[in-house]
Amino acid sequence: MSDATGLTVVTGAVSPTRKRLTSILIHVALLSASVLMLYPLLWLLAASFRPENEIFTSASIIPSSWSIDSYIRGWNGLRTGFGTFYLNSFIISGLSVIGNVMACSMAAYAFARLEFKGKNFWFAMMLMTLMLPYQVTLIPQYVLFRQLGWVNTFLPLVVPKFLAADGFFIFLMVQFFRGLPKELDEAAQMDGCSPWRIYWKIILPLSTPVLATAAIFTFIWTWDDFFGPLIYLSEMKSYTVMLGLRTFTDSTGESDFGGLFAMSVLSLVPIFLFFLFFQRMLIEGIATTGMKR
Amino acid sequence: MTARSLQSGAPAGERAATTPSLWARIWHNDAPGYLFLLPWLIGFLGLTIGPMITSFYLSFTDFDLLTSPDWVGANNYIRMFSNDPKFWASMRVTMFFVVFSVPLKLAFALAVAMLLNRGIRGLPLYRALFYLPSLLGASVAIAILWRQIFASDGLINKLLAMVGIMGPSWISNPKTSLWTLIILSIWQFGSPMIIFLAGLRQIPQDMYEAASLDGASKWRQFVKITLPLLTPVVFFNAIIQTIEAFKSFTPAFIISGGTGNPINSTLFYTLYLYQEAFGFFRMGYASALAWVLLALVSVFTAVSFLTSKYWVHYDE
């Protein structure tokens with residue numbers, strides 16, 4: 001530790017001006033990093049409001065004149081309008097939220113609060129699924145859903161959520177439920193409450209933070225999902241927003257960048273609103289559980 | 001426990017509790033747990049284990065979705081390793097992506113987290129701004145934006161033109177196309193950053209105070225205190241991000257229009273698997289590809305966990 005004797009003075013007794021300078025430098029670094037990171041997003045937003053002929057001539061993030069033509073053109077740019085895609089996306093994401101929160105909280109309650117034979121084994125199995133690449137089950141699942149006649153319906157996208165297929169949320173909720181005082185269940189049990197009543201009347205009401213976090217992430221991830229809709233939805237009237245966007249790039253995108261950008265912006269609006277109103281919850285959710293995205 | 005012993009307070013109940021039939025005991029002890037677990041259990045057996053077994057079987061067949069599968073032995077695997085340049089191309093692309101995107105993303109995340117952890121003003125705002133790309137980044141819209149940014153007449157080249165540089169077409173040049181995807185991945189450093197930040201908060205400040213009194217430089221403090229104490233978080237982030245990188249699909253699909261071009265330079269393994277399964281309906285071959293991916297991810301995870309005791313510092 002002798003190599004830093006010169007620095008002892010610096011770190012030990014930092015002069016106020018030096019501290020101030022460091023702080024300013026950090027803010028400059030962070031601010032420029034923020035600008036660099038947000039610049040593409042702001043440019044996209046600006047491009048969506050530019051008149052068509054200006055889109056590729058400017059790198060600025062403030063349009064010289066504002067126009068919503070791109071939005072009007074883009075909204076009806078495909079055979080089926082984006083209104084339908086939005087409705088489809090909302091239906092799929094909404095049902096997924098309901099299914100995921102219900103099924104995952106039930107499984108998590110069993111793992112966190114109930115005793116039964118084989119519990120540790122099933123819990124280990126659940127953890128294993130967290131690491132499993134979905135490609136390994138993809139083809140048989142596709143065959144199964146095809147035989148059931150579910151291809152080109154929302155069922156392959158929604159039903160797995162009602163079967164708690166995303167173990168990640170179970171894990172998240174187990175962690176939370178374990179933190180709730182066990183005395184609550186025991187007291188209720190003594191009063192003759194069934195496990196179902198304890199789950200419904202005690203555990204769930206106390207767990208609104210984790211349920212809300214799970215609900216928001218389920219919504220966002222389902223909304224963003226591209227692969228599922230890509231393989232299961234083949235008719236344009238059942239497309240989601242993401243699938244609609246992709247079709248847009250294939251068919252008209254090369255000629256109508258304005259419309260494409262406008263619809264891209266619109267597709268991000270629901271996620272952005274969640275970010276705006278629930279960012280604390282999202283960030284805390286990630287910080288405490290180490291979420292993947 | 002308590003409730004059961006209380007309920008069996010009545011003499012009749014007492015007898016039932018001491019000598020119940022096997023079924024009654026199962027019903028009483030295990031049924032509630034399994035009833036709550038039921039949805040997950042159905043999903044696990046029907047959508048995970050069943051399909052896994054089927055997929056393993058299909059990987060030894062020539063299944064094409066329309067006709068019934070014929071057993072071909074290990075032919076799919078043999079062909080993959082000995083006679084399929086596209087398989088090796090996709091393997092190279094995915095490995096390159098993992099090896100460069102994950103460490104760079106984590107290094108960036110840690111660097112910014114450390115800047116943010118110095119008790120600066122406006123922390124919540126910065127944190128939120130840096131997190132936003134992580135939240136939006138998985139979207140098709142961002143992939144579309146990226147394709148435009150790096151196009152020959154795109155945003156990057158427009159900025160370069162301002163300083164008099166003629167930029168290449170980053171997307172259609174096989175030397176740079178994969179890097180555009182790596183940059184997209186690094187851009188989303190927000191969520192590992194938040195996890196790092198939470199980890200940094202756990203490190204007691206007095207350790208740094210003691211170290212700086214002993215005259216340890218900032219760099220030494222970082223190497224000797226921060227990094228060792230942060231290894232569990234580094235480990236966690238590295239595992240999660242690596243598995244995510246292996247599974248990445250949407251950006252490569254959108255940016256290359258589903259082809260993996262130019263000359264297979266963005267042919268992610270997942271994209272190749274998708275093409276084989278749903279483009280050519282070679283479902284048997286695609287199943288074999290999936291099992292090789294699983295083997296790859298498993299080996300990586302196992303090695304990480306086995307070596308973790310040598311470099312991950314767990315206090316307790």
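Q: What pLDDT does chain B average?
A: The structure is a predicted model, and each residue carries a confidence value from 0 to 100. In chain B, 93% of the residues score at least 70. The average pLDDT of chain B is 83.

Q: In which helix of chain B is confidence lowest?
A: Residues 1-17 of chain B keep a pLDDT under 50, and the model has ten contacts beyond four places in sequence for them. Confidence in chain B is highest in helix 4 (residues 31-58), at a mean of 92. It is lowest, at a mean of 42, in helix 1 (residues 2-7) of chain B.

Q: What percentage of the residues in chain B is buried?
A: A residue is buried if 20 or more other C-beta atoms lie within 10 Å of its own. Of the contacts in chain B with a separation of 6 or more, 67% join residues 24 or more positions apart. Among the 316 residues of chain B, the buried share is 39%.

Q: What distance separates the centres of domain 1 and domain 2 of chain B?
A: The domain assignment of chain B gives domain 1 as 2-58 and domain 2 as 76-311. Taken over C-alpha atoms, the centres of these two domains of chain B are separated by 42 Å.

Q: How many residues does domain 1 of chain A bring to the contact with domain 2 of chain A?
A: In chain A the domain assignment gives domain 1 (2-67) and domain 2 (74-289), and their C-alpha centres lie 35 Å apart. Domain 2 of chain A brings six residues to the contact. On the side of domain 1 of chain A there are four nonpolar, one polar and one charged residues. The number that domain 1 of chain A brings is six.

Q: Which helix gives the most residues to the side of chain A that touches chain B?
A: The contact between the chains takes 76 residues from chain A and 83 residues from chain B. Twelve residues on the side of chain A come from the helix in question, helix 2 (residues 16-49) of chain A.

Q: How many nonpolar residues has the side of chain A that touches chain B?
A: By class, this side of chain A includes 17 polar residues and eight charged residues. Its nonpolar residues number 51.

Q: Is A:Ala103 buried or exposed?
A: A:Ala103 lies in helix 4 (residues 82-113) of chain A. Leaving aside neighbours within four places in sequence, its contacts include A:Phe162, B:Pro39 and B:Trp40. Because A:Ala103 has 26 C-beta neighbours inside 10 Å, it counts as buried.

Q: Which residues of chain B is A:Ala107 in contact with?
A: Neighbours within four places in sequence are left aside here. From chain A, the contacts of A:Ala107 are A:Ala164 and A:Ile170. From chain B, they are B:Phe36, B:Leu37, B:Pro39 and B:Trp40.

Q: Why does A:Ile68 count as exposed?
A: A:Ile68 lies in the loop between helix 2 and helix 3 (69-75) of chain A. Its C-alpha atom is separated by 16 Å from that of A:Ser267, 199 residues apart along the chain. A:Ile68 is exposed because the number of other C-beta atoms within 10 Å is 10.

Q: What phi does B:Leu65 have?
A: Most residues other than glycine have a negative phi. B:Leu65, in the loop between helix 4 and helix 5 (75-82) of chain B, is partly exposed, with 15 other C-beta atoms within 10 Å. Although B:Leu65 is not a glycine, its phi is positive, at about 80°.

Note on methods
Residues are numbered from 1 along each chain as its sequence is written. Chains are lettered from A and ligands numbered from 1 in the order in which they are written. This is a predicted model: local features need pLDDT of at least 70, side-chain atom pairs count only at pLDDT 80 or more; totals for chains, interfaces and linings use all residues. Helices (H or I, at least four residues) and strands (E, at least two) are DSSP runs, numbered from the N terminus. A residue is buried if 20 or more other C-beta atoms lie within 10 Å of its own, exposed if 12 or fewer, and partly exposed in between; C-beta atoms are placed from the backbone. Two residues are in contact if their C-beta atoms, placed from the backbone, lie within 7 Å. Domain bounds come from an automatic or database domain assignment. Ala, Val, Leu, Ile, Met, Phe, Trp, Tyr, Cys and Pro count as nonpolar, Asp, Glu, Lys and Arg as charged, and the others, Gly among them, as polar. pLDDT is the predictor's confidence in each residue, from 0 to 100.
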